[in-house]
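The entries follow in the order in which I looked.

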Amino acid sequence: MTLRLSNTLSGEREEFEPADPDDVLVYYCGLTVSDYAHLGHARTWVHVDVIHRWLEHLGYGVRHVENITDVNEKIVARIGERRDCEALGDDESAVARTFIRQLLADMRSLNLKRAEVYPRVSEHIPEIIDLIETLEARGYAYESNGSVYFDVTEFPDYGKLSNQSIEDVEAQGVEEERSEKRHPSDFALWKADGVSESAITEHRKPDRDYDCDAPSGQTWDSPWGEGRPGWHIECSAMSMTHLDSSIDIHMGGRDLVFPHHENEIAQSEAATGEQFARYWLHADLFQMDDEKMSSSLGNFIPVGEAVERFGVNPLRMFFVSASYNSTQTYSEAAIEEALERWDRLETAYDRITSAADRPDARTNVESPLRGAAEETRTEFTEAMNDDFNTRKALAALFDLAAAANRHLDEADEYDYRGLKASIETFEEFGEDVLGFGFDGDADGEATLAGELVELVLELRAREREQGNYERADDLRDSLEALGVEVQDTDDGPTYRL
């Protein structure tokens, strides 16, 4: 069965045909680092990861880019905010860095394959300005009071992703921009000056303490004066810089279809004259008590806390139990079910690997287990090729687990070839595709080793503060002897197990 995708752009299930038959270009709209990542972000990350893994399983090279938005008024609003008696940062870059550090740690803790690059907005201001100048030169953008806006009336296909006409599109941008624009739906490519006081007030929480009353965001020189990039232009510029003017798959949350992705299409295709993305895949909502889980609503569970409480494998089990484009709701009962299901899958794997290495596993024994392993491979492949249906793919693995348990419970002698085929199926599809770890290292309280390292590093820092450098070096040498690589940076020590 050929891979088929639900393309938001066409509204249909389409056969996947990348521009290059060997390599797939994938762009995912990443996180605005104004808070810690939560389970809603983790859910989409895991599905993007599984999609990446499945494309590689099919034989494609995958060039996967995920941006980090580190220029945003929500970040500016948190300048000087105190957390645990320490400020998040004294400028926009410092606040962003605080959250980026945890973001990258969260990604690694979830056993995600690394993207080719994680570009940041602040690193791509020249490319953003070049793109805006191109749009202005081609008649799709205009300057107004030092800001630059995209003229939606000049792009005939505007609204094709969200299935809206220009007449139906709501006004975009804040109230102060309305008088500067030719059409209410025009959107900002470049914003004059810094972040407004009203934006700071809107995004600050009254129950939090701040060291800075009037923070200002970073600004850059441009042909139109000092200012900052608009939200939408960043993804077009970074996608074109690190992938190509036309890509195969663009992913993001369902809530980004309009205006973000609609505006990405307009500005990208107006600048290049080429189709921006062939397939648009959108992850559906992740809910908490019938509301979308989000930082702004405050109804979220940070990724780090969830990994510590439940473990990586149960979390991945929870996420892939529902397909990426279906709504999923968090509940303690759902997590408990995921914990139980992971235990069931891991126990089956442990049983068959143990049995394969026992004298009772014989080469001259035949059983239905061989056929069950082959059937699982077929069903798993059909499910994943059906728009990455992880729910059905996972069900195929559980069918194999049940077949393996029956064989081990009922047979006096074991079918070695059937056990070997089952082990290979679990590892190829469960580990390599769904990203589970059958090594026993990713279960609940998985961060214990990391916490112990942090404790030793804190002790080392105190020794250094007291001038006991020889003792501090001994602690570092001891960690490295145990396989913990320690690196001192301007922001403090980092480590890798």
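Which residues do ring pairs link into a cluster? I found Tyr140, Phe150, Phe155, Tyr158 and Phe187 joined in this way.

I noted that this is a predicted model, in which local features need pLDDT of at least 70 and side-chain atom pairs count only at pLDDT 80 or more, while totals for chains, interfaces and linings use all residues. Residues are numbered from 1 along each chain as its sequence is written, and side-chain values use heavy atoms, with hydrogens and water left out.

For the pairs I took rings of Phe, Tyr and Trp (its six-membered ring) with centres within 6.5 Å, planes under 30 degrees apart being stacked, over 60 edge-to-face and the rest tilted. By this rule I count 21 aromatic pairs. Phe426 lies in helix 13 (residues 416-431) and Phe438 in the loop between helix 13 and helix 14 (448-465), 12 residues apart; helices (H or I, at least four residues) are DSSP runs, numbered from the N terminus. Phe426, at 0% relative accessibility, counts as buried, and so does Phe438 at 7% (buried means under 20% relative accessible area, with a 1.4 Å probe and protein chains only).

I then looked for charges over rings (NZ of Lys or CZ of Arg within 6 Å of the ring centre and within 35 degrees of the ring normal). The charged end of Arg182 sits over Tyr142, 4.0 Å from the ring centre, and that of Arg204 over Tyr210, 3.9 Å from the ring centre.

Terms used: Helices (H or I, at least four residues) and strands (E, at least two) are DSSP runs, numbered from the N terminus. Buried means under 20% relative accessible area, exposed over 50%, partly exposed in between (1.4 Å probe, protein chains only).
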